[in-house]
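Subject: Structure handover

Hi,

Here is the structure I promised to pass on.

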Amino acid sequence: MTIVIGFEGSANKIGIGIIKDGEVLSNPRRTYITPPGQGFMPSDTARHHRAVILTVLKEALEQAGLRPADIDCVAYTKGPGMGAPLVTVALVARTVAQLWGKPLLGVNHCIGHIEMGRLITQANNPTVLYVSGGNTQVIAYSERRYRIFGETIDIAVGNCLDRFARVIKISNDPSPGYNIEQMAKKGSQYVELPYTVKGMDVSFSGILSYIEEAAHKMLSSGQCSEEDLCFSLQETVFSMLVEITERAMAHCGSGEVLIVGGVGCNLRLQEMMGVMCKERNAKLFATDERFCIDNGAMIAQAGWEMFRSGQVTELEDSWITQRYRTDEVEVTWRD
């Protein structure tokens, strides 16, 4: 029996989760929300995390019904992510590990998403679409690495959606992407937007620049509604993601797709991916907001896998890095 506690705080969510041999014992989370039209700054986000992290830690232990002595390993997000929030959470995790006398493990945030998705859905060896505010990658496992088959060459899909939400002043509560999704359901007119797929890679900055410039003109002239723009943006960027995922599946001979990351909660994305999978006689695996959105349990799960395979992070090596690629990690826990 192995129990791992995981600390996640790479962006605007702070979460601490506890995993015991594949069972999620607790997974409390807090979100830093800014006013409509504003993003979140690293320093302000870190201040938010500092203010609530000990409360969230207490909640995690209480919900799990555990004491520090019951924990076998302390895992934390090493990266990628925003520098100041990452440092805040890493410092607490390092302190806790030393106070409790427990081994420490630095976890790749992206691999945390993948391992959580595999645990919850029981997908065997899927092609993974990882989509969030900071990352967009198509990934498949091969020879002890999660290989990146395609990715964004500029901004992430979540960042594209978030920044469009600022343009038309959509609320950030509970998240800009969720509110865009709800507005898109009421949209009926498709506005043609740039569609940029370059081989296995995608680009979202041109779409964002175009819609930022066109939005106010089109809205003020009555050519379309805000709901139409939300609908059109989703349809365009999600089509691009489905295309590169299908291409990766064809290359790998894969019959499974797993969607992870915050944008992976979007039911329209899941629906579009489901249509593609049905046409290929493939299976689609996805999770809900409890495990798609950044959370502590995903770091605990990846940490559990790493710890069981013999990995630990020495204190002098327990730094953070804002740029930590998925394929840098040796996957010692899979065949």
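Let me start with L119, which sits in helix α3 (residues 109–121); helices here are DSSP runs of H or I with at least four residues, strands are E runs of at least two, and both are numbered from the N terminus. L119 is buried, as its relative accessible area is 17% (buried means under 20%, exposed over 50%, partly exposed in between, with a 1.4 Å probe and protein chains only). Apart from neighbours within four places in sequence, L119 touches I19, G22 and Q301, where contact means heavy atoms within 4.5 Å. P42 is 77 residues away from L119 along the chain, and their C-alpha atoms are 31 Å apart.

Before going further, the ground rules: this is a predicted model, local features need pLDDT of at least 70, side-chain atom pairs count only at pLDDT 80 or more, and totals for chains, interfaces and linings use all residues. Residues are numbered from 1 along each chain as its sequence is written, and side-chain values use heavy atoms, with hydrogens and water left out.

Next, the annotations. UniProt, in an unreviewed entry, lists residues 29–300 as "domain: Gcp-like"; its positions are given in the numbering used here, feature names are shortened, and annotations may be inferred rather than shown by experiment. Over residues 29–300 the chain is 51% helix and 17% strand, with 14 Å between the end C-alpha atoms. The unreviewed entry also has a "binding site" annotation, which covers Y130, V131, S132, G133, G134, D162, G177, E181 and N266.

Two of those positions are worth a look. V131 lies in strand β7 (residues 127–131) and counts as buried because its relative accessibility is 0%. Its contacts, leaving aside neighbours within four places in sequence, include T136, V157, L241, I259 and L269. G133 is in the loop between β7 and β8 (136–142) and, at 37% relative accessibility, counts as partly exposed.

G158 belongs to helix α4 (residues 157–167) and is buried, at 4% relative accessibility. G158 and G133 are 25 residues apart along the chain, yet their C-alpha atoms are separated by 3.8 Å. Beyond neighbours within four places in sequence, G158 contacts S132, G133 and V263.

Now for helix packing. The axes of α6 (residues 205–220) and α7 come within 11 Å and cross at roughly 160 degrees; axes are lines fitted to C-alpha atoms, for helices over the stretch in contact, and angles run from 0 to 180 degrees between N-to-C directions. That is why α6 and α7 are roughly antiparallel (over 145 degrees; under 35 is roughly parallel, 65 to 115 roughly perpendicular and the rest oblique). In this contact, I207, I211, A215 and L219 of α6 meet E226, L229, L233, V237 and M240 of α7. By class, these residues are 8 nonpolar, no polar and 1 charged (Ala, Val, Leu, Ile, Met, Phe, Trp, Tyr, Cys and Pro are nonpolar, Asp, Glu, Lys and Arg charged, and the others, Gly among them, polar).

Helix α7 (residues 226–252) also packs against α8 (residues 267–279), at an angle of about 40 degrees and with the axes 10 Å apart. This makes α7 oblique to α8. The contact of α7 with α8 has 8 nonpolar, 3 polar and 3 charged residues.

Cheers
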